[in-house]
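Open the model in your viewer and show it as a cartoon. The stops below go from the whole chain to single residues.

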Amino acid sequence: MENLYQYAYLSCIRPEVSLTRVYEIVQVSRKNNRNANITGILVFDGWRFFQYIEGADDTVLDLVRSLRQDERHHQFTELLSTPFAGPRLFRNWSMGYSVTADESLLTAFTRLTPGEVVLRIPDLVDSVDLEP
C-alpha cells in the first residue's frame, strides 16, 4: 500500500505569460501526472491557479518542489500539505481542469484551514474538463 500525500496551493500567473499557455500547461501536466500516478485538479480564474494534487508522498513532494520553482507563476501560497490514508479524491483524473469567472471562489480558499480546503474542493468541480 502506497503512502499517500495531498497538497494544495494558490498562485498567480505572471503578467508576461500568455493565457494561451495555460492550456498547454494542462496538457503537459496530464501526461506527466499520468506517468507519475499523480491525480488532482487545476482551477484557473484568469489570473490565479488553485491546484490540488495527490499521490505517493515522495512523488507529490518532488512535484511540489518543481512547481515552486516554475517561473510562469508567483505568489505561491500553500493551503494544504499532509499525508493521508486515502481514498484519493480524484483517483480517475490525472488532472481535472476548470476555469471559473468567479474570482471570489478562489479567494475564499485563502481563509480556510487545511481540513476545510479538502471539504470545499467539490465546490470547484462544477464544470471540469476531465481529459481528452
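Colour the protein chain by secondary structure and read along the sequence: the pattern is β-α-β-β-α-β-β-α-α. That gives four helices and five strands, where helices (H or I, at least four residues) and strands (E, at least two) are DSSP runs numbered from the N terminus. This is a predicted model, in which local features need pLDDT of at least 70, side-chain atom pairs count only at pLDDT 80 or more, and totals for chains, interfaces and linings use all residues. Residues are numbered from 1 along each chain as its sequence is written, and side-chain values use heavy atoms, with hydrogens and water left out.

Zoom out to the C-alpha trace, which spans about 40 × 30 × 25 Å along its principal axes.

Next, select residues 48–56, strand β3. Buried means under 20% relative accessible area (1.4 Å probe, protein chains only). In the protein chain, 43% of the 132 residues are buried.

Strands count as paired if DSSP finds at least two bridges between them. Pick Gln6: Glu54 in β3 stands opposite.

Finish at the hairpin of β2 and β3, with three residues between the strands. Select Gly46, which takes a positive phi near 105°.

Definitions and conventions
Buried < 20%, exposed > 50% of the residue type's maximum accessible area, 1.4 Å probe, protein only.
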